[in-house]
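Hi everyone, thanks for making time. Have a look at the structure on the screen, and I'll walk you through a few parts of it.

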Amino acid sequence: METFLKIDDLSVGYWTRRGKVGALVGIRLEMSEGETLGIVGETGCGKSTLGKAILGILPPLTEIQGHIFFRGRDLPRLGLEEYRRLRAKEIALIFQDPMTRLNPLMRIENHFVEEILAHESVSKAEARSRAREALLSMGIHESRIRNYPHEFSGGMRQRIMIALALVLKPSLLIADEPTTSLDVIVESQILEILQDLKRVYHMSLQLITHNMGIVAEICDRVAVLYAGKLVELGSAHDVFHKPLHPYTQGLLASIIHLDTKELHSIEGSPPDLISPPSGCRFHPRCPYAQQICVEKEPPLVEFQKGHLAACHFGDTFL
Amino acid sequence: MIELTQSGDTESSEILRVENLQVHFPVKIPLLQRIVQREKAVVHAVDGVSFVLQTGEIMGLVGESGCGKTTVGRAVVRLIEPTGGKVIFEDRNIAKAKGGTIRALRREMQIIFQDPHASLNPAMRIGDAIGHPLWIHRSGSQSRASFRREARENVLSMMREVGLTPEEQLYDKYPGDLSGGQKQRAVIARAIILEPKLLVVDEGVAMLDMSIRAKILELMLDLKRKHAMTYLFITHDLATAKFICDRIAIMYLGRIVEIGPSKEIYADPKHPYTKALLSVIPVPDPDKRKEKILPRGEVPDAVNLPLGCRFHPRCPAVLSSCGWEGRDFLDLLDEHLSDPKRAGADETILGPIEDWWAKGLVAGRKTGPADAAKITERIRAILAEGPAAMVQAVGTVGLQGKNVIIEFRGPDTLAQTQVGERIVECLLYQN
């Protein structure tokens with residue numbers, strides 16, 4: 001069976017005046033149908049770049065190497081027109097800030113009509129009725145379909161964004177920090193909606209976030225990125241209970257939750273990606289770093305079935 | 001004015017007392033509408049908030065956006081003028097203080113905002129930014145040169161204190177060269193360089209990565225211990241608040257619904273809103289996905305506040321006496337009509353939602369006597385779909401003049417009740 005999504009040795013580099021920023025380096029990752037994968041890491045680790053690379057919306061002149069196979073097609077090698085047809089129809093993206101992603105001068109209805117007509121040859125009336133249905137499924141009454149974005153609250157706008165992303169029934173939904181600008185209760189409501197949708201449509205969800213708490217809540221598997229590299233990958237259970245990479249351990253320890261007894265943080269700050277540290281990129285901040293970590297880059301090794309980590313001493317944490 | 005005894009440096013000296021604070025913002029409405037309506041629309045951002053801060057304690061002000069927590073913070077440091085009530089800082093009511101007095105107050109109280117990047121002037125060196133308050137509050141007699149020298153020394157030692165090292169090098173950097181955590185340290189250094197007694201921290205760690213949040217919180221705890229600084233810690237994150245706050249106040253739509261010692265509130269929350277906020281905090285363990293108590297819908301707008309308890313339309317533990325009113329029925333009706341499965345023929349019997357009106361405890365629509373019986377029957381059926389407490393609150397349903405109306409019995413008076421060491425504003429705990 002062909003893999004649903006297979007990222008093979010993907011590297012993405014941005015050119016700046018100071019040199020090339022290696023935003024992603026040698027990422028290998030697979031996702032199966034109906035799965036929820038969490039992509040976590042600190043600001044600047046490349047997690048948003050990964051989502052954008054899949055959708056092919058990186059800025060022009062970005063250097064992309066490697067493959068992203070989506071149902072057998074190699075995405076970076078698709079023609080523009082082919083890619084356009086795939087977006088929204090098969091892969092959809094929800095951004096962090098719903099206000100800036102909706103056109104303030106356009107009625108909600110027209111956002112939907114425009115998207116549907118761009119991908120399917122149906123009548124305008126048909127598109128409108130599908131828009132109504134999509135909004136209803138998100139709990140937004142059809143009397144409001146002709147309103148403008150500013151007439152909705154933050155939570156409703158995010159629900160509209162979700163409805164918009166799902167109206168063409170994509171098989172992969174990428175959610176980039178979908179709840180970060182929302183309040184805690186609305187955040188919970190949105191997460192619940194996302195989980196319901198997964199059950200109903202059997203959709204795959206890639207959740208990009210820095211919030212480990214919500215990953216624990218809805219993800220099946222977790223991928224941890226650090227400074228552009230994949231440092232750990234495994235089931236949510238394994239990663240949360242037996243983190244093999246010291247960075248993941250640090251991230252987990254720094255979560256502040258209701259049972260937190262002591263505050264922990266990771267010393268230092270993420271490296272400059274123009275001249276990343278030698279060997280393991282985490283070694284300057286790692287409490288366990290040895291000489292080998294400075295000299296040799298650790299490969300991503302499968303320490304247990306389905307649980308991979310890029311650390312020379314991964315087996316000591318088993 | 002209230003005379004408060006000066007208790008000096010004893011442990012329980014009161015530094016700030018907020019009494020019945022009100023901040024209302026006028027809503028801009030078109031002239032014509034203003035003439036017709038003849039009433040002013042105001043946002044009740046803060047509507048009767050009272051609390052006391054003791055020297056050296058950290059009080060958390062927790063709630064969702066729009067609950068008025070930031071407005072309370074701003075009114076306390078007098079960035080905005082309260083509409084009513086008192087802000088008594090060290091025995092003086094500063095609620096109506098003006099220009100010069102407020103400026104002098106800034107030596108005593110400072111505020112830190114959420115976004116460290118936006119709080120720093122991108123064209124100002126870090127050292128200059130941190131020392132800027134010294135410059136603003138310098139005494140006129142000192143010569144420029146000696147002031148400069150002293151200020152630099154002062155800034156450097158402050159930078160060491162907040163962990164902004166190597167301080168000599170960072171002094172001449174611009175905000176753009178610093179990481180998020182470093183910027184927030186610079187903002188803290190700037191806020192405390194005048195050694196204020198009270199620090200208002202408005203979502204001070206919300207923008208930072210989890211991995212550095214702990215460091216900044218530790219720094220704040222450290223400063224509190226060293227300088228006996230008092231904090232008003234404004235946040236939406238109950239987990240963070242638990243860690244550093246001695247006392248917690250939960251706000252909802254302009255009012256404090258529960259206030260008391262952190263320990264007590266986290267161990268045994270009383271107000272249904274507090275319970276809901278606590279239940280949504282994620283547990284970082286995929287094997288312990290828990291049931292959540294989610295309130296329905298979202299925070300209503302603060303212009304037309306719900307009757308009675310402001311949380312009643314969303315409350316999972318609502319009673320019949322909590323404040324059910326006409327528009328609550330319209331909300332239920334709207335929900336009913338917009339669900340094709342439930343609505344059936346109701347739209348033809350009851351008419352579109354636009355035909356309905358709500359005023360105070362009553363909701364209704366114009367109709368002829370012929371249809372009244374049928375409509376009344378449908379109303380009763382729809383009510384049965386709503387919360388049980390709502391049905392119990394219904395007084396009369398029937399024809400009144402040319403209208404079919406549904407009238408609710410009024411709410412009981414809500415009062416603040418002492419439960420243990422905390423004060424809670426909820427009918428569940430009133431006798």
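**A walk through chains A and B**

Let's start in a loop: Pro166(B) sits between α6 (144-161) and α7 (167-170) of chain B. Helices here are DSSP runs of H or I with at least four residues, strands are runs of E with at least two, and both are numbered from the N terminus. The peptide bond between Thr165(B) and Pro166(B) is cis, with omega about 0°.

Some housekeeping. This is a predicted model, where local features need pLDDT of at least 70 and side-chain atom pairs count only at pLDDT 80 or more, while totals for chains, interfaces and linings use all residues. Residues are numbered from 1 along each chain as its sequence is written, and chains are lettered from A and ligands numbered from 1 in the order in which they are written.

Now chain B as a whole. It has 17 helices and 16 strands, and its C-alpha atoms fill a box of roughly 90 × 60 × 45 Å along the principal axes. Of its 431 residues, 42% are buried. Buried means 20 or more other C-beta atoms within 10 Å of the residue's own, exposed means 12 or fewer, and partly exposed is in between, with C-beta atoms placed from the backbone.

Next, a helix pair. At what angle do α5 (residues 126-136) and α8 (residues 180-192) of chain B pack? About 30°, with their axes 7 Å apart. The axes are lines fitted to C-alpha atoms, for helices over the stretch in contact, and angles run from 0 to 180 degrees between N-to-C directions. That angle makes α5(B) roughly parallel to α8(B); the cut-offs are under 35 degrees for roughly parallel, over 145 for roughly antiparallel, 65 to 115 for roughly perpendicular, and oblique for the rest. On the α5(B) side, the touching residues include Ile126(B) and Pro133(B), and on the α8(B) side they include Ala186(B) and Arg190(B). Contact means C-beta atoms, placed from the backbone, within 7 Å. The residues of this contact divide into six nonpolar, one polar and one charged. Nonpolar covers Ala, Val, Leu, Ile, Met, Phe, Trp, Tyr, Cys and Pro; charged covers Asp, Glu, Lys and Arg; the others, Gly among them, are polar.

What about the two chains together? Their contact takes 37 residues from chain B and 35 from chain A. On the chain B side, α9(B) gives the largest share, eight residues. By class, that side has 17 nonpolar, eight polar and twelve charged residues.

Over to chain A, and an open sheet of four strands in the order β2-β1-β4-β5, with antiparallel pairing. Strands count as paired if DSSP finds at least two bridges between them. β2 (19-31) and β5 of chain A are at the edges with a single partner strand each, so one side of each has no neighbour in the sheet. β1 (residues 5-16) and β4 of chain A pair over seven bridges, and one of the partners there is Gln65(A) in β4(A), facing Ser11(A).

Arg71(A) isn't a glycine, yet its phi is positive, about 45°. Arg71(A) is in the loop between β4 (63-70) and β5 (73-74) of chain A. Asp91(B) isn't a glycine either, and has a positive phi of about 75°. Is Asp91(B) buried or partly exposed? Partly exposed, because 14 other C-beta atoms lie within 10 Å.

Technical notes:
Contact = placed C-beta atoms within 7 Å.
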